[in-house]
Amino acid sequence: MTYRAGRHFLQIPGPTNVPDRVLRAIDRPTIDHRGPEFAALGKAVFEGMKRVFKTQGRVVIYPASGTGAWEAALVNTLSPGDSVLMYETGHFATLWQKMALKLGLKPEFLAGDWRTGADPEAIEKRLRADGERRIRAVCVVHNETSTGVTSRIGAVRRAIDAAGHPALLLVDTISSLASIDYRHDEWGVDVTVGGSQKGLMLPPGLSFNAISDKALEASRAAKLPKSYWGWDEMLASSPAGYFPYTPATNLLYGLREALGMLLDEEGLENVFARHQRHAEATRRAVRAWGLEVLASNPEEYSASLTAVLLPAGMDADRLRKIILERFDLSLGTGLGKVAGRVFRIGHLGDFNDLSLIGTLAGCEMGLTLAGVPLQAGGVAAAMSFLADGRLQEQRAAA
Ligand SMILES: *Cc1c(COP(=O)(O)O)cnc(C)c1O
């Protein structure tokens with residue numbers, strides 16, 4: 001191995017760059033998770049996560065990747081053979097649907113085009129047709145990380161209410177939490193699923209469920225087998241700041257630090273505005289190159305990542321390989337149906353204007369090296385947007 005000088009640019013849409021402060025917070029001795037010192041840590045992270053989810057309800061923290069919290073959301077609220085309505089926004093929605101099948105649920109998958117978000121009208125129509133009220137839950141991925149499309153969860157809630165349907169609403173926010181505006185209580189979400197390694201700026205290894213009273217009620221009757229994922233013991237220990245089994249103590253040190261930075265120092269609304277601004281600058285670069293953003297509805301553009309469609313016949317993974325080897329910059333691969341056709345630029349987490357410009361410069365040079373037909377000036381377009389306060393005010397007012 002030879003040493004590569006300078007920092008690696010980790011611009012995949014998760015895991016994201018972990019701030020030095022968070023790394024230093026993690027680099028401390030592990031303490032007794034049943035001792036008195038632990039309770040203050042536990043209480044701080046549960047309280048902080050409630051503020052991130054915007055909920056007065058309950059939060060559970062698992063020592064697991066996001067996939068674990070997906071499973072927890074399903075097994076705690078549903079019973080074998082239950083029908084669930086899921087929406088095919090892209091690769092992650094497809095994986096969640098496959099998990100529901102494996103768990104013995106009956107997922108009905110509303111087809112999507114991988115360029116737009118969950119369609120509230122289609123959901124309302126399907127729920128209205130469910131006269132016997134067999135559908136027990138509606139599952140939506142808030143920010144589909146394979147396509148860079150953000151679904152309108154408030155509108156999905158209104159669709160469920162308009163149909164007068166009692167189904168629970170389960171939402172995956174793994175790549176939007178603490179990057180894109182999200183309101184668990186206000187939007188009437190029953191279970192929100194989150195993960196540590198994206199907007200929360202932590203290493204992988206923690207995941208979350210935020211739980212409404214209605215979901216808690218449903219969990220008392222839910223019959224899917226569960227042990228590790230069971231909410232009951234978690235919720236019995238968490239008011240005192242404890243866990244029923246060994247938590248990922250050092251990651252919780254990191255979480256406490258990250259929550260302070262996001263909630264108290266920068267402020268969540270500023271965090272959201274920063275992500276929107278970087279997403280807009282990225283789209284301006286992509287268009288100046290003459291390339292296409294995969295997301296097709298401007299109301300649903302993701303603020304945490306942008307998926308870029310290459311011209312037919314160009315191999316996106318070869319492009320990513322060139323960019324990694326030449327510039328030490330990691331970009332997201334195309335997943336599922338769009339494999340090889342798109343690359344994804346992650347602009348979430350601990351990120352600023354110059355990290356974006358460096359990332360876009362790596363893309364522009366790599367696109368040229370890979371022989372992608374290109375107009376120059378993408379980086380310049382992003383720079384003019386970032387440097388022009390007026391453009392940004394216009395955009396914020398729009
Ligand atoms: C990353 C991601 C997941 C998977 O999370 P893991 O931590 O890899 O298990 C699920 N859903 C979405 C939307 C994601 O971005």
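Me: Which side-chain atom of Gln197 is 2.7 Å from an oxygen atom of the ligand?

Reply: A polar contact is a pair of N or O atoms within 3.5 Å; within protein, one must be able to donate a hydrogen and the other to accept it, and residues adjacent in sequence count only if both atoms are side-chain atoms. Here, an N or O atom in the side chain of Gln197 lies 2.7 Å from a ligand oxygen. For Lys198, an N or O side-chain atom is 2.6 Å from an oxygen atom of the ligand. The protein covers 88% of the 380 Å² of accessible area that the ligand has on its own (Shrake-Rupley method, 1.4 Å probe).

Me: What should I know about the model and its numbering?

Reply: The model is predicted: local features need pLDDT of at least 70, side-chain atom pairs count only at pLDDT 80 or more, and totals for chains, interfaces and linings use all residues. Residues are numbered from 1 along each chain as its sequence is written, and side-chain values use heavy atoms, with hydrogens and water left out.

Me: Which residues come nearest to the ligand?

Reply: A residue is near a molecule if one of its heavy atoms lies within 4 Å of it. Of the 13 residues around the ligand, Ser65, Thr67, Thr145, Asp172 and Lys198 come nearest.

Me: How do α9 and α10 pack, and at what angle?

Reply: Helices are DSSP runs (H or I, at least four residues), numbered from the N terminus. Axes are lines fitted to C-alpha atoms, for helices over the stretch in contact, and angles run from 0 to 180 degrees between N-to-C directions. Helix α9 (residues 249-266) and helix α10 (residues 268-288) pack at about 100 degrees, their axes 6 Å apart. That makes α9 roughly perpendicular to α10 (65 to 115 degrees).

Me: Which residues of α9 and α10 meet?

Reply: Contact means heavy atoms within 4.5 Å. Leu262, Leu263 and Glu266 in α9 meet Leu268, Asn270, Val271 and Arg274 in α10.

Me: Where is Pro15 found?

Reply: Pro15 is in the loop between β1 (9-11) and α1 (20-26), strands being DSSP runs of E, at least two residues. The peptide bond from Gly14 to Pro15 is cis, with omega near -5 degrees.

Methods
Parallel < 35°, antiparallel > 145°, perpendicular 65-115°, else oblique.
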